[in-house]
Amino acid sequence: MTAALDVTDVTVHYGEVLALDGATLRLDAGRICGLIGMNGSGKSTLFKTIMGLVKPDAGTVLINGAPPAAARSAGVIGYVPQSEDVDWSFPLSVRDVVMTGRYGRMGLTRRPRPADRAAVEEALARVELTELADRQIGQLSGGQKKRAFVARGIAQGASILLLDEPFAGVDKRSEATITRLLRELAAEGATILVSTHDLQALPSLADEAVLLMRRVLLHGSPEEVLTPDALALAFGLDVLSDGGSR
Amino acid sequence: MTLLDVLLEPLGYDFMVRALATALIASVVCAVLSCWLVLIGWSLMGDAVSHAVLPGVVLAYIVGAPFALGAVVFGFLAVALIGAVRDTSRVKEDAAIGIVFTTLFALGLVLISITPSQTDLNHIIFGNLLGVSVGDLVQVVVLGAVVLIVLLTKRRDFTLYAFDPTHAHAIGLNPRVLGAVLLGLLALTAVVALQAVGVILVVAMLIIPGATAYLLTDRFSRMLLIAPAMSAVCAVVGLYLSYYLDTASGGMIVLAQGTAFALAYLFGPRHGLLGSRIAARRRRAALDRGRASATPSTTTRGQAGASDT
Ligand SMILES: Nc1ncnc2c1ncn2[C@@H]1O[C@H](COP(=O)(O)OP(=O)(O)OP(=O)(O)O)[C@@H](O)[C@H]1O
Ligand SMILES: [Mg+2]
């Protein structure tokens, strides 16, 4: 069986900075994988490489066995950006933003057809934002904003979802709502890669976890990855036991 | 003299009819493009490209090529040079923009000074609405139509490019191409607008309408209506004022736009400085009235609240 996502020996430089150093990662369809690592460990870079935004110096990325360009044209990759990367005062409604998920399937002028409108309404209902769909995109809470972008991926019909720190600035309840949504999508066959700094919530979110420090240090079940020794390796300190030492 | 006379009198002159047509087309084309420039954060880029096209236009004039060709070549040259200076030196982008466009603009000035028919070319710098020839008007119509058609048919792609180029890339669009097309349109628009207000003031028409519309609405589709409407009204008002006050037409049009922006900035219902406060006060007053009518005992407090605001 070909993996949904197959990253092999990927090395990425930004000028002098080595951001990824031979990272290798294989994900099967329908799995949720939590990506953890300290700031600057290369999480966002890995996402950008999978999307083909950054060209690796070495190594390959295959999505459903095909190169990223083919996966992009097929609309397979859905991306939920890190909050800092979004212009929240942009004059678009929530519905407009979700509609952009359909652009890859539309004609040259991207005029929505009934099927597109239906898909957008369905995605909005799925993330429980139907009532707020006419709001400007910035007039949502942190958790609602994340759900709006997940809805865009749903409307797109993406089978691989990349979420860059969806839980930053989101309260526990919204986090639980998003987690439930992601688990449903995975159960329907979507493959989901989520970067997160919330280690406590990892076991309830993910089927597997990856510890990144320019390269993949460890890839296994959340329990295997969340051992003090492994974390000390990735973060350079005792993350889980530091409550006692201070 | 009735209002109708005031409006019709200038149109008795052919040159005023051509001036009005040119001003209207330039203002609408610039205004539509400005909606994207303002949102992408390309105001400085608009300033740079609209100045940097000057040597291209002058060279085109010298060799007898279309102005648009020279403008597009130098528009892209400016953007390439800015990118090169920014990426290969420690100079930051704003400085790179300032260095490149002023140098190219200066090159244009020097070229004008050594080109025989000087008066003609000086109109490029300050604009010469009242001297627009039939040939100039044809050029404005053709270029304006090309720019508007491309902008409006691909408007959703450009908006996505402005909002989330990463997503555009992820679904198989090409953000680099979209950006390059937008820059090409910017250079063409600069040619259209320099007939109206001149190279120096083009940037005003490329920023003010979009910025004004952005203050007035939270919907991009409405910005695309508000910006050209506001810009066209300002072009007409500015041109008539310049006719009756005998002042510079390009300058008058930009003054009218600046005034319109100031009004939106102050009185815009949502994002205006005073407008948002007035709206908030109305909401509070309505809330107080609602409370007052719901429970009679709070009537006095409601009135006190209303009077001290
Ligand atoms: N555009 C860039 N130019 C130069 N260096 C970069 C660029 N983007 C990232 N880097 C560097 O590459 C390394 C990896 O960055 P990346 O953004 O992938 O980290 P991250 O794991 O996403 O961090 P965070 O948790 O802070 O989001 C860092 O050292 C960063 O400084
Ligand atoms: Mg990151």
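1. A:R183 is partly exposed, with a relative accessible area of 31%; the classes are buried under 20%, exposed over 50% and partly exposed in between, with a 1.4 Å probe and protein chains only. A:R183 forms a salt bridge with A:D207, and the closest N and O atoms are 2.7 Å apart. A salt bridge here is a side-chain nitrogen of Lys or Arg within 4 Å of a carboxyl oxygen of Asp or Glu. A:R183 belongs to helix α6 (residues 172-187) of chain A and A:D207 to the loop between α7 (202-205) and β8 (208-213) of chain A, so the pair ties together parts that are 24 residues apart in sequence. A:D207 is likewise partly exposed, at 23% relative accessibility.

2. Basis of the values. The model is predicted: local features need pLDDT of at least 70 and side-chain atom pairs count only at pLDDT 80 or more, while totals for chains, interfaces and linings use all residues; side-chain values use heavy atoms, without hydrogens and water. Residues are numbered from 1 along each chain as its sequence is written, with chains lettered from A and ligands numbered from 1 in the order in which they are written.

3. Salt bridges between chains. Over all chains, the structure holds 17 salt bridges. A:R110 pairs with B:D157, with 2.6 Å between the closest N and O atoms. This pair crosses from the loop between α3 (94-99) and α4 (114-126) of chain A, where A:R110 lies, to helix α8 (residues 155-163) of chain B, which holds B:D157. Both A:R110 and B:D157 are buried.

4. A:R152 sits in helix α5 (residues 142-156) of chain A, and B:D164 in the loop between α8 and α9 (165-170) of chain B. A:R152 is buried, with a relative accessible area of 1%, and B:D164 is buried as well, at 6%.

5. Within chain A, salt bridges also link A:R95, A:E121 and A:D134 in a network.

6. The sheet of chain A. An open sheet of 3 strands has the order β2-β1-β4, with antiparallel pairing. Strands (E, at least two residues) and helices (H or I, at least four) are DSSP runs numbered from the N terminus, and two strands pair if DSSP finds at least two bridges between them. β2 (17-27) and β4 (58-63) of chain A are the edge strands, each with a single partner, so one side of each has no neighbour in the sheet. Neighbouring strands of this sheet are turned by 20° against each other on average, direction ignored. Strand β1 (residues 5-14) pairs with β4 of chain A over 5 bridges; A:V7 has A:V61 of β4(A) as its bridge partner.

7. Helix α1 (residues 43-51) of chain A lies across β1, β2 and β4 of chain A and runs at about 115° to β1(A). Contact means heavy atoms within 4.5 Å; axes are lines fitted to C-alpha atoms, for helices over the stretch in contact, with angles from 0 to 180 degrees between N-to-C directions.

8. The unreviewed UniProt entry lists "transmembrane region" for several stretches of chain B, including residues 173-193 and 223-243. In the model, residues 173-193 of chain B are 90% helix and 0% strand, with the end C-alpha atoms 30 Å apart. Residues 223-243 of chain B are 100% helix and 0% strand, and their end C-alpha atoms are also 30 Å apart.

9. The domain assignment of chain B gives domain 1 (12-202) and domain 2 (277-308). The C-alpha centres of these two domains of chain B lie 53 Å apart.

Key:
UniProt positions renumbered as here; feature names shortened; annotations may be inferred. Domains from an automatic or database assignment.
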